[in-house]
Amino acid sequence: MAQVASPAFAVQQDYGPAFTNTKDTALPTVKGDLSGAGLQGQGSFRKAMPTFHGLSYFDYTANDVNFKPVNPSKSSTIDGSAMTTAATYNLVKNGPNDNLHTATNGFFAMPVTEVPRYVASAKGNPQFVMSKLLAAHYKLQASGTATGSVSYDGVTWRFYTVSNILYVDVPSVIWESAGTNLASDRKGAEKVLDYVGGDGVNTPQWWATFPTTVAPTIETYAPVILGQHVDYSTGNVKIPPMSQSDYIDFSGTTWGFLRNTATLTLWTSPGKPKKLWSPGNGPASIGPMKAGKWAGVDTVPGKIYLRDIQDILLPGKNVVTVKLDDAFGRSVTKSLVIMYQPKNNLWAKNIWYAPATVKSGAKVTISAELGSDMGDTASALQVYVDKNGNGKLDPSDIIAAPSNITIEANGTRTAGYSFFAPTDKQQILVAFKVNPGKTKPDNESDWKDNLVAKEIPIEMPWVTPPIDVNNIDYNNATPYWASVAQPQRLDRYIVDCGTINGPLSQKYVGKDRNFRLTGLSPGTTYKCQIQAISVTNQIGGTKSTTFTTPDIPANTGSGYWDDYGIVRENPTPHGTAQSINSIPARGYNYYQGAPQNMRSMANSYSPYFGEEVSTWAKPVIKTTWHTWKFYYTCGKRTCVGTDSCPIYFPGAAPEAWAGIRQNPSGLTINVTGSWTGSTSKMAVTDYQMKPCRGSNSLDPTPFQFNYYVPTMYRAVPNLLINKGFIPQTQTIDPTFQHMNLKIYSKAISIDRNANMSGTSITSPVPFSMLWSRYGTFSSGR
């Protein structure tokens, strides 16, 4: 561990509240994903001590061990190396029972407003990093919170607020600056993140030294004509009629720790760009990227054959520029001048259309640039429009008959044609073809460039798709819908749902085409409506549908249960159990610090967020008769008689109960909650043992057997209601206001021989959850 020497003067902080190592009452509040300190939830918060966290950079690409501070005017030194006075926020327990992990309670973060300055010092692209940061934060906000963790483009961003100012964790910023927070040698032995044990005010507790990388470089960019390197410093590289072996020798390097993908683009002026290489895409003449050191160096060597860029070279002077991009928004360009004199040739290129956005059924004009590399030429011209939409240009697609058009010597001209866009296609292929009969002239040097084609996207009317619902059960349903006609224009779908006569609330925002709607009530009619929003905020109208959840089936009625309901965690004025017939639909929102009499009154209402519950059930006791034959002496012969006894049995019983002669003690019935995957066990708590004894006085053996009748089932509350409370608004999410417990048992029947059979049944126990033990002191719904 490095030794920290006390400075001769107080350090100057680079940002944030003043450093302190005292747990005083004026500490700032840190809010966000504090799971690293043992706290759960995106919106956890604690008081925190801002402490000195030294931060330095060193250039990995140059193996530079002279560490650089972000802000030299606000820096300190350790072991002779400069560091910026950044901050770590050490959380403070809010009481002796706080479950905060004191060993991992520090969060290394900076204000979002300081990010561009830190990125620039790390040799990154501030605009690129800020775009990634804002996109990640937008995704986080779409989930309903402004603080917490979110994964975006391979990076986990952690956002916090420090005294209501938005912060972001430092490692995320370094990643997107093409640096790293991975362990790396520093001065031969120490690691990238060291605990150096300072007082946190004038000397750092921690010292982070992050490796950084440089922007891309181009090492070689030189033409090789007829096998010889040509000096292009004068700007007059002259190319005779092009040979298959002429090329531009190129090599470049990109660096980056997180992702190693380079893109190589070339363009001419005048002319147009052409992407020469990107991962998995590009001509074989461009060498593939070669993985270098673990730090992420990538080289893009190769030969840029002129035959591959011939389509963008013009006769005469061409300024040919190449651009090498890395995956972190950094790039480098280099140019040379080529004087190009091609062979005799006619060509068509640079096709375009107007207006820029072509709407269904509207007039569209297509144009193309035609040229000649020889003397004045009168050539035939054809115009194609793919009317049948098969993506091919067939003779039947010619909409303009061949006509002669004059192209001046070594010059260009524009040809155009207008037509009405189809109303039944989302795109259409159009083309111009010069010299289609290959007759004027009949000896072109390149026939491939006689045709130029383009796909024109057609903007269809923006219409929201219909919505429907399937997979409907007592408490859940799945709204679903088709895709919009042009998915590339979609920004999001918005779905609102609610009861048929009640207000609608937003249930889904995103690009998926279905979602699971939970927390519904049995036997209730609901309405869902959908809107499709385009990237230009155009609303495609509103479509809606209705559906009804199934009512509780008959097998939960009087034929099976005499009474059943919920077992509550805490005693109430009515005991620990509530009947399904008396579970209230309203409640009060009392927090845990309220007086005992208030909390007791609250407990007499419906179950609340933070309470453990389960069920109890009293089965209906039914009656049947067991009948048997017996033999007795009547005079001098043997006679046959019948006898019987009543058999009492429960309407519903545990699945594992094999028969009425089995003692049911210890058997259980499974119970689940609609909000949790956990299971509760409802045990047989009361039963009766009865004899089967006949009443016929002639029966020599009237007693047959003893049997059992379960009369009560009960569970210990252990299903925690832990879904539905919104701490930010101190309310219950409407999605979770209506929930249920489900009892899984079997319906019993007994035949005349006292044999038992059963059919599995599910008995929902619905209830309303309208308040929380953790809420603020206020009345509920």
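This is a predicted model: local features need pLDDT of at least 70, side-chain atom pairs count only at pLDDT 80 or more; totals for chains, interfaces and linings use all residues.

User: What makes Cys497 and Cys528 a disulfide?

Analyst: The sulfur atoms of Cys497 and Cys528 are 2.0 Å apart, and a pair of cysteine sulfur atoms counts as a disulfide within 2.5 Å, so the pair meets the criterion. The angle about the S-S bond is 115°, and the link is right-handed. Cys497 belongs to strand 32 (residues 490-499) and Cys528 to strand 34 (residues 525-534), so the bond ties together parts that lie 31 residues apart in sequence.

User: Why are Cys645 and Cys692 called buried?

Analyst: Buried means under 20% relative accessible area; Cys645 has 1% and Cys692 has 0%, so both residues qualify. These two cysteines are joined by a disulfide with an S to S distance of 1.9 Å, and that link is left-handed, with -95° about the S-S bond. Because Cys645 sits in strand 40 (residues 637-650) and Cys692 in strand 43 (residues 679-693), the pair ties together parts 47 residues apart in sequence.

User: How many disulfides does a search of the whole structure find, and what pattern do they follow?

Analyst: The search finds three disulfides, and with bonded cysteines counted along the chain their pattern is 1-2, 3-4, 5-6.

User: How do you know that the span of helix 2 agrees with its number of residues?

Analyst: Helix 2 comprises 17 residues (residues 126-142), which at 1.5 Å a residue should span 24 Å, and its end C-alpha atoms are 24 Å apart, so the two values agree.

User: What lies at the two ends of helix 2, and what covers its buried residues?

Analyst: At the start of helix 2, a side-chain oxygen of Asn125 comes to within 3.1 Å of the backbone nitrogen of Gln127, whereas just after the helix Gly144 takes a positive phi of about 105°. The buried residues of helix 2 include Phe128, Val129, Leu133 and Leu140, and the elements that cover its buried residues include helix 1 (115-121), strand 7 (155-162) and helix 3 (170-176).

Definitions and conventions:
Residues are numbered from 1 along each chain as its sequence is written. Side-chain values use heavy atoms; hydrogens and water are left out. Helices (H or I, at least four residues) and strands (E, at least two) are DSSP runs, numbered from the N terminus. The expected span of a helix is 1.5 Å times one less than its number of residues. Buried means under 20% relative accessible area, exposed over 50%, partly exposed in between (1.4 Å probe, protein chains only). Contact means heavy atoms within 4.5 Å. A polar contact is a pair of N or O atoms within 3.5 Å; within protein, one must be able to donate a hydrogen and the other to accept it, and residues adjacent in sequence count only if both atoms are side-chain atoms.
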